[in-house]
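Thank you all for coming; I would like to take a few minutes to walk through one model. Please have a look at it first, and then I will go through its parts in turn.

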Amino acid sequence: MNGAAGEKQEAEKRIKEYIQASSMSLSKKEEQDFKELVIHNEETAKKVFRGSNHIGKAYILIFLNSQGKGADIAKEEAAVWAGQMEFINSNPLEERAFRSWLSGETDTMPETMPVNKYIMGFPHRKNVELCYLSKVCTFTERLIVYGIKKGYVDIVRGPVKEMMREIGVPYAHSFLEHTIRTYQLSEEDIMQMYSAIYAISGNAKAEKEFYRNFICTWLEQDKDRYLAAIEKISKDMRKKIFAVLKRENLYTA
């Protein structure tokens, strides 16, 4: 066996070992060593990713996407996720059109989108994947569009929160600006979504401040329009939003 082939085989073996070890959580040093191994052995890492069903293979996607690499496996994973989504009260044609758009197979955004069976968002690690996936393909931004249009707060909040934590608030800001502009989302939908996230953000300081800045601007510049948008939200969420605005002295009826 020549040197290059031997190095590839050794890299593949070590990547698989790290994936298995990730079940018990990795130390910061182990995670950094794993990251360097993946980045320096991109094609081998992709081979392992495609051949593995272990949950730990997500690290490969995260590490490569964080460097703007691995767009091919990101798109493959996006297609899998789009295919796995479950809906209620929808027809096959509507589902097919939505999955094709969400996965990036087509750029034609469907006029109607199916109702998601599960609206509680994703586990932490999946949100981190979605955060870095946003660097190399359109899946995350289209998922966010879907969440904003349908009012799925957790689906929007999770990936954006991880962007703030993993990459920084400026990245999250530019990502959302790009998404809103690209898909021509209505300001009313944005007002409702940002306010809902603000109302449930608790003590997450960076996240809370991010959405608070938008709300303050809307209240200063176009209060009547903002309040009219909030009045259209479901009763429970509307009460929650107004309670938080009142408690934090942003608005009192």
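Predicted model: local features only at pLDDT ≥ 70, side-chain atom pairs only at ≥ 80, totals over all residues.

Residues are numbered from 1 along each chain as its sequence is written, and side-chain values use heavy atoms, with hydrogens and water left out.

The secondary structure of the protein chain comes to 14 helices and two strands, where helices (H or I, at least four residues) and strands (E, at least two) are DSSP runs numbered from the N terminus. Along its principal axes, the C-alpha trace spans about 75 × 45 × 30 Å. Of the 253 residues, 47% count as buried; here buried means under 20% relative accessible area, exposed means over 50%, and partly exposed lies in between, with a 1.4 Å probe and protein chains only. If we take contacts, meaning heavy atoms within 4.5 Å, between residues at least 6 apart in sequence, then 68% of them join residues at least 24 apart.

How many of the residues of helix H4 are buried? Nine of the nine, residues 58–66, are buried, so H4 is largely enclosed by the rest of the structure. Among them are Tyr-59, Phe-63 and Asn-65. The buried residues of H4 pack against helices H1 (3–21), H2 (28–40), H3 (42–51), H5 (71–84) and H7 (124–133). After H4 comes Gly-68, with a positive phi near 75°.

Glu-31 has its place in helix H2, and at 30% relative accessibility it counts as partly exposed. The C-alpha atoms of Glu-31 and Tyr-59 are separated by 8.8 Å, although the two residues are 28 apart along the chain.

The 14 residues of H10, 169–182, should span 20 Å at 1.5 Å a residue, and the end C-alpha atoms are 20 Å apart, which agrees. Ala-172, Phe-175, Leu-176 and Thr-179 are buried in H10. Seen down the axis of H10, its buried residues fall within an arc of 95°, so they line one face of the helix. The face turned away from that buried side carries the exposed residues Pro-170 and Arg-181. Packed against the buried residues of H10 are helices H8 (139–150), H9 (153–166), H11 (187–200) and H12 (205–221). Gln-184, which follows H10, has a positive phi near 50°.

Two of these partners also pack on each other: H9 and H12 meet at an angle of about 110°, with their axes 10 Å apart. Axes here are lines fitted to C-alpha atoms, for helices over the stretch in contact, and angles run from 0 to 180 degrees between N-to-C directions. H9 and H12 are therefore roughly perpendicular to each other, since angles of 65 to 115 degrees count as such, under 35 as roughly parallel, over 145 as roughly antiparallel and the rest as oblique. The contact is made by Arg-157, Val-160, Lys-161 and Met-164 of H9 and by Ala-206, Glu-207, Phe-210 and Tyr-211 of H12.

Finally, two asparagines. Asn-89, in the loop between strand E1 (87–88) and helix H6 (92–103), has a positive phi of about 55° although it is not a glycine, and at 80% relative accessibility Asn-89 counts as exposed. Asn-249 is found in the segment after helix H14 (235–247), has a positive phi near 55°, and counts as exposed at 67% relative accessibility.

Technical notes
Expected span 1.5 Å × (residues − 1). Arc of directions from axis to C-beta.
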